[in-house]
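Visitor: Hi! I have this one open on my screen and would like to talk through some side chains. Could you walk me through it?

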Amino acid sequence: MTTTKDLTERLTGLVGEVPDVTEVVELASPGPEAFVRRNEKLFADLAEAAGIPLDASQGGLRLADRSVYRGEDGGRAVTFHASGALTLHAGVDPLDDLFDEVLPDEKLRGLVDDQVARLGLASLVDREDTLTFERLWKLKAAGADREGKVSEPVLTRAVGAYRHAVRDLPVLGRASGSVEVTGSGRLSSLTLTLRRLSGDGSGATLDKAVSRRPEDAASEVAARLSRLLEGREEDVRLEPQLFAFGYLSLGRRRAQSVLAPMYVAAVTVDGGEEAERSAHVVAVAGSEKQYLRLPVGVRTAAERRSA
């Protein structure tokens, strides 16, 4: 149903404006201990701003790839040693403090933006960078009685996703920040995956790379998917969801020393009624010279979420 040529053309049509030259940006590369100490200070400020009783200064449980802190009333915080990414959970039960009704998107957006302002998240990135709203998710739940009658869905949480931009280019990958709020507007959870923070000493320009043409990158993405499908791409429906140019964050369990230009594609594969539908993410170099070593292969959406 879809040829490699068709997929290449459809991907190319999705990408926005691509600069002729892109800066390769140096990142600070502190070790795990430095990330832990930095984030313990961040947890103190964030927990206080959100009203979460958690004291990370007392130390946490040190695991191989992360440090975990537990506070009163179920509060929890995590630092990922490789990247410095962090999560903070208020400990609110998933079915407590629900929304009385499904509010319009603009009101839900206002609730998550209010938390972003209260937490001071914009001040965490360098003044030359930006952290901007990208999209809104609504989490809902429904129940059923013994007769199988299903209740009307209830809005349980609103989640705002935010994207970090460096040198006016988005840092692609998982959301740079996500803020989840309850029905009363309280913070339920926070995730930050920022590769560059204000005052961390990063930001030097290591090189200026000539950008690769979108059609060449799209052709490589299509070829990789063709190999994955063992040449059966014409027997399935390939639906491009995203093809973007920018920098790439390798995930919170991977260390990273540079931001380099990359193309990232998201494609769904539909094999028909009897076949499982799957989603795949492919990243390829955004310049002829490759500055960032990537894991080999194509990642499914589930694999991407776990990174």
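Predicted model: local features only at pLDDT ≥ 70, side-chain atom pairs only at ≥ 80, totals over all residues.

Visitor: Are F245 and Y263 buried or exposed?

Guide: Both F245 and Y263 are buried. Ring pairs also bring F243 into the picture, linking F243, F245 and Y263 into a cluster.

Visitor: Nice. Switching to charges: how many salt bridges are there?

Guide: The count comes to 17 salt bridges. Among them is E239 with R10, whose closest N and O atoms are 2.9 Å apart. E239 sits in strand β12 and R10 in helix α1 (residues 4-14), so this pair ties together parts 229 residues apart in sequence.

Visitor: And how accessible are E239 and R10?

Guide: E239 is partly exposed at 24% relative accessibility, and R10 is partly exposed too, at 37%.

Visitor: What does R109 lie over?

Guide: R109 lies over the face of F133, 3.8 Å from the ring centre. R109 also forms a salt bridge with D113, at 2.6 Å from N to O.

Visitor: How far apart are D113 and R109 in helix α3?

Guide: They are four residues apart in helix α3 (residues 105-119), which means about one helical turn separates them. D113 is partly exposed at 25% relative accessibility, and R109 is partly exposed at 32%.

Visitor: What about E215, which side chain does it meet in a salt bridge?

Guide: E215 meets R213, at 3.4 Å from N to O. E215 has 33% relative accessibility and counts as partly exposed, as does R213 at 48%. Elsewhere, salt bridges with shared partners join D65, R66 and R253 into one network.

Visitor: Last topic: where does S176 lie?

Guide: S176 is in the loop between β8 (169-172) and β9 (177-181).

Visitor: Is S176 buried or exposed?

Guide: S176 is buried, with a relative accessible area of 2%. Leaving aside neighbours within four places in sequence, S176 has contacts that include L131, Y162, R163, H164 and V171. T191, L192, T193 and L194 are also in contact with S176.

Definitions and conventions
Residues numbered from 1 in each chain as written. Heavy atoms only, no water. Buried < 20%, exposed > 50% of the residue type's maximum accessible area, 1.4 Å probe, protein only. Phe/Tyr/Trp six-rings, centres within 6.5 Å; stacked < 30°, edge-to-face > 60°. Lys NZ or Arg CZ within 6 Å of the ring centre and 35° of its normal. Helix = DSSP H or I, 4+ residues; strand = E, 2+ residues; numbered from the N terminus. Contact = heavy atoms within 4.5 Å. Salt bridge = Lys/Arg side-chain N within 4 Å of Asp/Glu carboxyl O.
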